[in-house]
Amino acid sequence: MSNLTVVSAPGKVLLTGGYLILDRKYNGIVVGTSARFYTVIFSGNNGKISVHSPQFIDGEWEYRPSLKSFYNDEGFFSCELESTNPERHNSFVEIAIKYSLLIISRRKNEQQFKEIVTKGLEIYIVGDNDFYSQREQLRKLNLPLTLSSLKSLEPFCKVHCTLKKVNKTGLGSSAALITSLVSALFVHFEIVSNKINEITNNDRKLIHNIAQFCHCLAQGKVGSGFDVSAAVWGSHIYKRFSPNILENVMDQNVDISILNNIVDPASSKWDNQVTSFSLPHGFKLILADIDAGSHTPSMVGKVLKWRKENSDQANTLWDTLTSHNTTVSNNLRELTKNHEQDEELYLNAIKICESWALLAEQNPNNNNVALFSSTFNTFQKIRELLREMSELSRVPIEPPKQTKLLDACNEIPGIIMAGVPGAGGYDAIFCIGLGNTFSSQIEKLWNSWEEMSVGPLLSRESSKGYMIEQINNIPGLSECLNL
């Protein structure tokens with residue numbers, strides 16, 4: 001096994017800005033998760049590109065690369081992929097490999113590129129357990145739906161089903177997969193840095209632009225892009241790129257010279273904004289998978305239809321929402337600064353607030369306490385507006401069952417925020433709080449909840465985006481891949 005490359009990319013949770021981030025006028029807080037997708041690449045010996053996803057019973061794809069030299073004003077050559085088994089198709093994997101290699105071929109010495117490709121590539125892709133519901137696994141093992149049970153499962157559990165039938169938990173698996181695969185290919189071919197601590201901002205911009213194109217093309221539409229952005233940069237405040245950047249190249253037969261220019265980090269067309277952000281010190285993010293599905297694309301379509309038909313009403317509501325969202329993000333960023341400037345005062349505020357069951361009071365002697373309280377109360381206003389949008393658009397953004405559960409979470413001491421992530425619906429919730437007992441008390445509430453099956457996830461916030469890894473530092477990865 002030579003030239004082993006391992007790259008990971010995180011999942012995402014959109015805390016604020018659901019629906020609003022579809023419009024460049026608005027932004028949102030997206031946090032990366034500790035759950036990550038991993039892509040492992042090394043040289044093959046049969047001239048084929050073999051892709052393995054061992055968690056699935058149909059996770060095998062094989063391609064025969066075809067190098068075609070042709071000469072135009074720029075002297076480029078082409079690399080096409082031919083599936084050896086067209087009946088077994090994965091558009092996300094195929095598109096990511098195809099267009100990554102085509103763009104790499106424009107940026108790599110021709111002879112070096114050909115030497116690597118003609119040998120073939122072995123590619124392994126796996127995701128942390130949290131990306132997929134483990135309910136069936138626990139049921140087979142006769143284990144309760146608890147954090148301790150999830151921790152007892154082997155890393156990168158086989159889900160014993162096909163990709164189409166797997167139950168996902170909403171952490172952005174397709175975006176994390178594509179970003180880890182694209183970045184691993186660019187690292188392997190040394191187009192971007194292959195040093196663990198030397199990833200540049202230009203590297204991230206290039207990976208972001210290519211991954212956004214691949215993800216949009218695979219999905220058949222230009223989405224908001226926050227999930228890919230989180231996979232590239234980790235936690236940040238996100239403002240989307242203008243959709244017309246990619247709308248004109250959303251074609252399998254796109255001119256690669258044009259695409260190569262568009263994805264270039266030097267291109268002035270990309271107007272997405274990534275503002276540094278991470279949860280303040282002492283804040284704990286916990287997530288739950290709810291055993292009731294939502295179909296996000298149809299929900300988004302209905303909300304956009306309502307907004308188009310009721311623009312004045314919708315824009316007023318959205319402007320009010322974004323005002324509250326901005327208050328939350330400003331509060332959280334100020335708390336991070338306060339911790340850096342006076343750690344003792346900050347930690348004292350946590351001690352005060354971790355025993356509160358509704359942060360309605362304020363302590364004038366400690367600005368941090370006032371910021372904790374303001375964040376809690378402002379987020380309640382955000383939830384009220386989301387419920388109003390639910391009623392007006394007739395879309396279950398925060399359904400009554402979720403409202404009841406979230407209200408119960410808000411009674412737990414130390415709670416700062418409890419809500420439905422992203423587009424909302426029935427399938428997930430998040431809680432953010434303070435203190436040593438906050439997480440265990442939330443889990444106890446979830447375990448006893450009878451109206452819905454609430455399954456905790458192991459993921460916590462991780463502010464890091466895509467990363468170059470050492471395979472031996474990832475527990476269970478070598479064993480999962482039989483390497």
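**Exercise 1. Determine how helix α12 is set against helix α13, giving the angle between their axes, the class of that angle and the handedness of the crossing.**

Solution. In this predicted model, the axes of helix α12 (residues 343-353) and helix α13 (residues 367-393) come within 8 Å and cross at roughly 50°. An angle counts as roughly parallel under 35 degrees and as roughly perpendicular from 65 to 115, so α12 is oblique to α13. As for the sense of the crossing, α12 passes α13 in a right-handed manner.

**Exercise 2. Describe the secondary structure content and the end-to-end distance of the stretch that UniProt annotates at residues 378-433.**

Solution. The feature placed at residues 378-433 by UniProt, in an unreviewed entry, is "domain: GHMP kinase C-terminal".

**Exercise 3. Characterise the second largest pocket by its volume, its lining residues and the elements that supply them.**

Solution. Begin with the volume, which is about 440 Å³ for the second largest pocket. Of the 20 residues that line this pocket, Asn3, Leu4, Thr5, His188 and Glu190 are the closest to its centre. Turning to the elements, β1 (5-14), α2 (110-119) and α5 (173-188) each supply at least two residues of the lining, and the largest share, four residues, comes from α2.

Notes. Residues numbered from 1 in each chain as written. Predicted model: local features only at pLDDT ≥ 70, side-chain atom pairs only at ≥ 80, totals over all residues. Heavy atoms only, no water. UniProt positions renumbered as here; feature names shortened; annotations may be inferred. 1 Å grid on protein atoms, 1.4 Å probe; cavity = no way out; pocket = protein on both sides within 12 Å on 5 of 7 lines; lining within 4 Å. Points joined across faces, edges and corners; volume = space filled by probe spheres on them. Axes fitted to C-alpha atoms, helices over the stretch in contact; angles between N-to-C directions. Parallel < 35°, antiparallel > 145°, perpendicular 65-115°, else oblique. Left-handed = near helix turned anticlockwise from the far one by under 90°.
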